[in-house]
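Here is a friendly walk through one protein model, written for someone who likes to keep the structure open while reading. Please have your viewer at hand.

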Amino acid sequence: MDLDTVRTFVAVADAGQFQEAAAELAVTQQAVSKRVAALERTLGVRLFTRTPRGAELTIDGQAFLPHARELLRVSERAVASVRTGRRPLRVDIIASRGAASGLMRGFHRTYPEVDLDVVMLFDIETAVSAIRSGAIDASFRAVAVPDRPLPEDIASVRVLDEPLQLLTGPAHALAGSKSVTVAELVGHRIWMPGIVPGTEWAAYYDDLVAEFGLTIEATGPNFGSDALLDTVADTPALATFMGEQTRLVWPAGHGLRLIPVVDPTPVYPHSLLWHRDNPHPALATLRTHLAATTAGHDAAGTWTPDWVIPR
């Protein structure tokens, strides 16, 4: 059904005259008559009866009028849902307890008037596809895995280098340390069951192992953060890496220790990805906010893989 004919029908019904409706719509009276006639052919009924006073709704016209108004309202809402600046900014943060979530919470506190939709996608290919299709506006990722450069229409900027910390239980050999060097971690079992081969974080930890001779185990099913914390707390031989800005809460009885890693400090590089042609005004606001609030990159005494995109 042609919405122009529906809009014209409503204008005539409200004005009571074809001529006044034509003036309101800035078209000729002949055009109004043609549109109404086309709508009547589509519906198979007469909508108006011409009288000396103008145009009166028939019984069928009266029945159709509230539905016509609703069609126009739905149309307006549909357009508004995708109009630049009118829909929420959709951002992928990967996980609800990670650094990207914290960055977006900070953005929301600073700009509470910006409507946000937060999603959590798994791998970088899914995120890039969603950006290119318009399903999301931006994604936080570690960019880029060595042999998989970003498409030319996807832009990125490095926004945060997050230091890794060692998480141990109370009986671990390093539990009493105020800090540990990377060299001191050699020979210790670092258990990270959430690493999935082929992902960007798998590439990161593969390079970390190759660079410093560490032992990172990804064996066993990933039952989530609570199970990981329980196991590390109860197993003196196991430790795990955790991002400095990861927000997890564990029972006081676990006695878990978070220990800074130094000399050098491995940092996980978070970047923001977006489509170069995305016009959403809140995206520019987010980029400016991140540039002003996140720390410097490649600081002295830190380590990232060679393939990480510089700022």
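## A loop, a pocket and some salt bridges

D263 sits in the loop between strand 11 and strand 12. Helices (H or I, at least four residues) and strands (E, at least two) are DSSP runs, numbered from the N terminus. The model is a predicted one, in which local features need pLDDT of at least 70, side-chain atom pairs count only at pLDDT 80 or more, and totals for chains, interfaces and linings use all residues. Residues are numbered from 1 along each chain as its sequence is written, and side-chain values use heavy atoms, with hydrogens and water left out.

**Backbone details**

Let us stay with D263 for a moment. Its phi is positive, about 55 degrees, although D263 is not a glycine. D263 counts as exposed because its relative accessibility is 61%; buried means under 20% relative accessible area, exposed over 50%, and partly exposed in between (1.4 Å probe, protein chains only). What kind of peptide bond joins D263 and P264? The bond is cis, with omega at about -5 degrees. P264 is found in the loop between strand 11 (257-262) and strand 12.

I94 also has a positive phi, near 70 degrees, and is a residue other than glycine. You will find I94 in the loop between strand 3 and helix 5. With a relative accessible area of 29%, I94 is partly exposed.

**The largest pocket**

I94 turns up again at the largest pocket, where I94, A95, M192, W201 and T246 are the closest to the centre of the 34 lining residues. The pocket holds about 1000 Å³ of space. For the search, a 1 Å grid is laid over the protein atoms alone; a pocket is an open set of points where a 1.4 Å probe fits, with protein on both sides within 12 Å along at least five of seven lines, and lining residues have an atom within 4 Å of a point. Grid points are joined across faces, edges and corners, and the volume is the space filled by probe spheres set on the points.

Which element gives the most to this lining? Strand 10 does, with four residues. Elements that each supply at least two residues include helix 5 (99-110), helix 7 (200-212), helix 8 (225-234) and strand 12 (265-275). By class, the lining has 20 nonpolar, ten polar and four charged residues. Here Ala, Val, Leu, Ile, Met, Phe, Trp, Tyr, Cys and Pro count as nonpolar, Asp, Glu, Lys and Arg as charged, and the others, Gly among them, as polar.

**Salt bridges**

Side chains of opposite charge can pair when their charged atoms come close. The structure holds ten salt bridges, each being a side-chain nitrogen of Lys or Arg within 4 Å of a carboxyl oxygen of Asp or Glu.

| Pair | N to O distance |
|---|---|
| D4 and R7 | 3.2 Å |
| R73 and E70 | 2.9 Å |
| D92 and R141 | 2.5 Å |

D92 lies in strand 3 (residues 89-92) and R141 in strand 5 (residues 138-141), so this pair ties together parts that are 49 residues apart in sequence. Are D92 and R141 buried or exposed? Both are buried. D92 and R141 are also linked with E200 in a network of salt bridges.

D4 and R7 both lie in helix 1, three residues apart, about one turn of the helix. D4 is partly exposed at 38% relative accessible area, and R7 is partly exposed at 33%. R73 and E70 are three residues apart in helix 4 (residues 59-82), so about one helical turn separates them. R73 is partly exposed at 40% relative accessibility, and E70 is partly exposed with a relative accessible area of 32%.

**A surface patch and a contact**

M1 lies in the segment before helix 1 (3-15) and is exposed, with a relative accessible area of 55%. Together with L43 and L71, M1 forms a nonpolar patch on the surface, with about 250 Å² of accessible area in total. Patches are made of residues with over 30% relative accessible area and no salt bridge; like charges are joined within 9 Å, and nonpolar side chains (Val, Leu, Ile, Met, Phe, Trp, Tyr) within 5 Å. Accessible areas come from the Shrake-Rupley method with a 1.4 Å probe, and for residues only the protein chains shown count as cover.

Lastly, T215 lies in strand 9 (residues 215-217) and is partly exposed at 34% relative accessibility. T215 and I190 are 25 residues apart in sequence and 6.1 Å apart in space, C-alpha to C-alpha.
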